[in-house]
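This report goes through a protein chain step by step, from paired side chains to the overall layout. Please keep the sequence and the structure in view while reading.

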Amino acid sequence: MELPLPGLWLKRLWVVFQVALHVAMGKVLMTFFPGRVKQDILAMSQKTGMAKNPHFSHENWIPTFFSAQYFWFVLKVRWQRLEDKTEEGGLAPNCPVVRLSGQRCNIWDFMQGNRPLVLNFGSCTPSFIFKFDQFKRLIEDFSSIADFLIIYIEEAHASG
């Protein structure tokens with residue numbers, strides 16, 4: 001395994017500092033102003049569509065914000081983004097993915113010849129699930145000329 005460039009280590013250190021500060025400030029604000037933090041998170045969920053599902057209770061996911069699990073998830077995502085590079089019109093990064101069977105592979109493994117590969121990234125949030133039927137119709141309409149791949153994004157606030 002190749003060691004990352006020194007500049008990447010500095011960027012990662014900066015990201016650790018940013019994420020740690022974000023989580024620490026979130027914890028402090030949640031401790032001293034829990035109502036206001038809840039109000040802001042709920043307002044954000046209105047914008048993203050999470051609040052549209054009547055069976056999706058904020059009590060399940062608000063307490064996980066600013067937790068250790070949240071810290072590690074955000075850190076992992078931010079570190080991965082440091083290495084994702086692409087240019088408009090260029091190839092998408094060949095990121096690793098895991099099939100439902102547990103087999104590890106990369107995004108490019110799903111490409112077939114010169115056919116376009118349409119990537120749909122999402123998690124089990126109401127905004128993703130509510131639009132899933134539209135995506136299925138898109139697949140039905142264009143499956144003769146393109147391939148489609150849904151990539152599940154790990155949730156930072158999943159309860160369980």
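Which side chain meets that of Arg36 in a salt bridge? The side chain of Asp40 does, with an N to O distance of 3.2 Å. A salt bridge here is a side-chain nitrogen of Lys or Arg within 4 Å of a carboxyl oxygen of Asp or Glu. Side chains of opposite charge can pair when their charged atoms come close.

The model is predicted: local features need pLDDT of at least 70, side-chain atom pairs count only at pLDDT 80 or more, and totals for chains, interfaces and linings use all residues. Residues are numbered from 1 along each chain as its sequence is written, and side-chain values use heavy atoms, with hydrogens and water left out.

**Confidence and layout**

The pLDDT value is the predictor's confidence in each residue, on a scale from 0 to 100. Its mean over the chain is 82, and 87% of the residues reach 70 or more. Confidence is lowest in helix 3 (residues 58-61), with a mean of 73, and highest in strand 2 (residues 104-106), with 91. Where pLDDT is low, the predicted coordinates should not be read in detail.

The chain has 6 helices and 4 strands. Both are DSSP runs numbered from the N terminus: helices are H or I with at least four residues, and strands are E with at least two. Along the sequence the pattern reads α-α-α-α-β-β-β-α-α-β. Of the 160 residues in the chain, 27% are buried. Buried means under 20% relative accessible area, exposed means over 50%, and partly exposed lies in between (1.4 Å probe, protein chains only).

**Salt bridges**

The count of salt bridges comes to 3.

| Pair | Closest N to O distance |
|---|---|
| Lys136 and Asp133 | 3.8 Å |

Arg36 and Asp40 are 4 residues apart in helix 2, so about one helical turn separates them. Asp40 is partly exposed, at 38% relative accessible area.

What does the pair of Asp147 and Arg115 tie together? Asp147 lies in strand 4 (residues 147-152) and Arg115 in the loop between strand 2 and strand 3 (117-122), so the pair ties together parts that are 32 residues apart in sequence. Asp147 is buried, with a relative accessible area of 14%, whereas Arg115 is partly exposed at 26%.

Lys136 and Asp133 both lie in helix 6 (residues 132-142), where they are 3 residues apart, about one turn of the helix. Lys136 is partly exposed at 38% relative accessibility, and Asp133 is partly exposed at 45%.

The unreviewed UniProt entry lists residues 12-33 as "transmembrane region". UniProt positions follow the numbering used here, feature names are shortened, and annotations may be inferred rather than shown by experiment. In the model, this span is 95% helix and 0% strand, and its end C-alpha atoms lie 31 Å apart.

Trp14, Phe17, Leu21, Met25, Val28, Leu29, Phe32 and Phe33 make a nonpolar surface patch of about 850 Å². Patches are made of residues with over 30% relative accessible area and no salt bridge; like charges are joined within 9 Å, and nonpolar side chains (Val, Leu, Ile, Met, Phe, Trp, Tyr) within 5 Å. Accessible areas come from the Shrake-Rupley method with a 1.4 Å probe, and for residues only the protein chains shown count as cover. Leu29, one of the patch residues, lies in helix 1 (residues 6-32) and is partly exposed at 38%.

Cys95 is partly exposed at 23% relative accessibility, while Cys105 is buried at 9%.

Ser45 lies in helix 2 (residues 34-48) and is buried, at 2% relative accessibility. Ser45 and His58 are 13 residues apart in sequence, and their C-alpha atoms are 9.1 Å apart in space.

Phe66 sits in the loop between helix 3 and helix 4 (68-83). Its phi is near 70 degrees, a positive value in a residue other than glycine. Phe66 is buried, at 10% relative accessibility.

Asn120, in strand 3, is buried at 16%. Its C-alpha atom is separated by 8.4 Å from that of Tyr152, 32 residues apart along the chain.
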